[in-house]
Amino acid sequence: MNNISTTFTANDLLLMLQGAGVTFLLTIVSGIGGTVLGFLIGWGRSLRAPWLYYPLGAYIEIMRAVPLIIQFVLMNSFMAILGYAINPFLSGIISLTLYIAAYVAEVVRAGIDAVPHPMVRAARGLGLGYIQAFRLVVVPLGLKTVLPAWTGLMLGLMKDTSLIAVLGASPPELLRSSQIIITRIQEPLAVLTGAGAFYFIMCWLITLAVRRYEQRPLLQSLGR
Amino acid sequence: MIKIEEVRKSFGNLEVLKGIDLTVDKGEVVCLIGGSGSGKSTLLMCINALESIQSGRIEVDGIDVHAPSTDKNKLRRKLGIVFQQFNAFPHLTARENVALAPRHVLGLPKSETNQLAEHYLAHVGLGDKLDAYPTQLSGGQQQRLAIARALAMKPDYMLLDEVTSALDPELVGEVLDTLRLLAREGMTMIAVTHEIPFAREVADRVAFFHDGVIHEIGPARDLISSPQRTRTRDFLGKIL
Ligand SMILES: Nc1ncnc2c1ncn2[C@@H]1O[C@H](COP(=O)(O)OP(=O)(O)O)[C@@H](O)[C@H]1O
Ligand SMILES: [Mg+2]
């Protein structure tokens, strides 16, 4: 027993740093994937074609209703059944992406709907094609509405990544790393405070990045 | 020439245009007047294919507007349209608003589209507002910006839908002056308006819309000073 330290060691700090890195990576990868997929779903719904609108709506409802932890386990088993006994990280990232995409889709649709139709009509009236009007008018105007809600989703996603622990993914992400340390040194308060600080710093980095983006002249002009 | 023949248009079960016939020659100014909901705006949007039609035919310079084979985006280059709501793109400066379509529709280089923008903004009296954002402009200035934006595509026709209706009374004059300027330059225009004195002064012909048909049409002065039909007389009596 004497080779197991009961105090917080430098290795523990490294473990937590590594956990923070895993959490951050999971967030970035599934955040980007989920945003791209969610954008497509939200755009598809904004077209309001029944054959697309309702199936996509069902997808969104299901993903939002079923607890993420169940989705993780189901996705992992599903992959195994398909014969892809894959890395729990990959299956976790797929789950997170599919999950967050459902939320992003609703935000995107709200952003598109927030652009007044007459504005789009004016763009089309100038001879801009559908895609041009979307890219040059709808997206920049909708972005303004969407950014705060989207940022909130990404911060939520970061905290949700901790649920990947059910798959026993290794190396562990931040919360799991903290639990490993707590089990050994029995100092939950200190360790969790430290983990909380790590989460806070990462959230703050994401918020900062979005805020810098919002400072771009394009978005500034909308705030006038 | 714009040739409208027997055009019918419905929104669901609601028939909004019930057989419209109207021919507008090059250089002509035609004003459309009539009560709210009589189909004036709908007709303008059918002319540049922003709305589809159920039957009939609209031709612009011999092009069948609603034929499936017609390139609608290309057709719209011929037809500038300005709406009641100004619809200036709020994320773009005045210059960028005007340069947008020449850049992305015509594919002109930036140097050229900037020149175009400056030219047309000066033309409508906004030469000193090139870098202003729409929210920094008054309603009248935003509407003139919308007119400059349409003109920069060098359209052969202008469709104007109550372009002064959303303006404070003291700002109406400056926009009407801009339209007078266009008329003097020989621009072909179809203008929905409630400014009867303006219609009388600038239009060659005035058409009175009622319930989805052109109830009466004639030379501006005649129709306004001596309307032949009771409904036209009632409408003008109420509005003047
Ligand atoms: N997109 C639309 N969907 C359903 N009804 C419409 C639509 N646009 C216009 N209408 C209806 O068509 C009729 C004519 O409208 P409009 O052409 O705007 O009249 P006006 O410009 O003469 O006031 C009105 O009853 C209006 O409610
Ligand atoms: Mg109208």
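**A helix of chain A under cover from both chains**

The buried residues of helix H5 of chain A are covered by elements that include H6 of chain A together with helix H1 (40-47), strand E6 (79-82) and helix H5 (139-151) of chain B. The model described here is a predicted one. Within H5 of chain A, which runs over residues 117-125, the buried residues are Met119(A), Arg121(A), Ala122(A), Ala123(A) and Gly125(A). Just after this helix, Gly127(A) adopts a positive phi of about 100 degrees.

With that meeting point in view, each chain can be taken in turn. Chain A contains 9 helices and 0 strands, and its elements follow one another from the N terminus as α-α-α-α-α-α-α-α-α. The C-alpha trace of chain A spans about 80 × 45 × 25 Å along its principal axes. Of the 224 residues in chain A, 43% are buried. Among the contacts in chain A with a separation of 6 or more, 77% are between residues 24 or more positions apart.

Leu68(A) belongs to helix H3, residues 68-81. Is Leu68(A) buried or exposed? Its relative accessibility is 5%, so Leu68(A) counts as buried, the cut-off for that label being under 20%. Beyond its neighbours within four places in sequence, Leu68(A) touches Leu96(A), Tyr99(A), Asp160(A) and Leu163(A). The C-alpha atom of Leu68(A) is separated by 24 Å from that of Leu147(A), a residue 79 places away along the chain. Ser95(A) sits in helix H4, residues 88-114. With a relative accessible area of 1%, Ser95(A) is buried as well. Setting aside neighbours within four places in sequence, the contacts of Ser95(A) are Gln71(A), Phe72(A) and Met75(A).

In the loop between helix H6 (130-160) and helix H7 (174-185) lies Pro171(A). The peptide bond leading from Ser170(A) to Pro171(A) is cis, and its omega is near 5 degrees. Further along, the loop between H7 and helix H8 (188-214) contains Gln186(A). Although Gln186(A) is not a glycine, its phi is positive, at about 60 degrees. How accessible is Gln186(A)? With a relative accessible area of 58%, Gln186(A) is exposed.

Chain B brings strands into the picture, with 9 helices and 10 strands. Its C-alpha trace spans about 55 × 45 × 30 Å along the principal axes. A compact globule of 240 residues would have a radius of gyration near 18 Å, and the 18 Å of chain B agrees with this. Buried residues account for 55% of the 240 residues of chain B. Of the contacts in chain B between residues at least 6 apart in sequence, 64% join residues at least 24 apart. Chain B exposes about 10000 Å², and carbon and sulfur atoms contribute 46% of that area. The charged side chains of chain B number 28 positive and 31 negative, with the centres of the two sets 2 Å apart.

The nonpolar cores come next. The largest has 50 residues, and the members that touch the most others are Ile147(B), Met158(B) and Val206(B). Which residues does Val206(B) contact, leaving aside its neighbours within four places in sequence? They are Cys31(B), Ile33(B), Ala199(B), Glu216(B), Ile217(B), Gly218(B), Ala220(B), Leu223(B) and Ile224(B).

Chain B also has a backbone feature in a loop. Asp61(B) is located between strand E4 (55-60) and strand E5 (63-64) of chain B. Its phi is near 50 degrees, a positive value in a residue other than glycine. The relative accessible area of Asp61(B) is 34%, which makes Asp61(B) partly exposed.

How values were computed:
Residues are numbered from 1 along each chain as its sequence is written. Chains are lettered from A and ligands numbered from 1 in the order in which they are written. This is a predicted model: local features need pLDDT of at least 70, side-chain atom pairs count only at pLDDT 80 or more; totals for chains, interfaces and linings use all residues. Side-chain values use heavy atoms; hydrogens and water are left out. Helices (H or I, at least four residues) and strands (E, at least two) are DSSP runs, numbered from the N terminus. The radius of gyration is taken over C-alpha atoms; the globule rule is 2.2 Å times the number of residues to the power 0.38. Buried means under 20% relative accessible area, exposed over 50%, partly exposed in between (1.4 Å probe, protein chains only). Contact means heavy atoms within 4.5 Å. Accessible areas come from the Shrake-Rupley method with a 1.4 Å probe; for residues, only the protein chains shown count as cover. Lys and Arg count as positive and Asp and Glu as negative; His and the chain ends are not counted. The place of a charge is taken as NZ of Lys, CZ of Arg, CG of Asp or CD of Glu. A nonpolar core is a set of buried Ala, Val, Leu, Ile, Met, Phe, Trp, Tyr and Cys residues joined through side-chain atoms within 4.5 Å.
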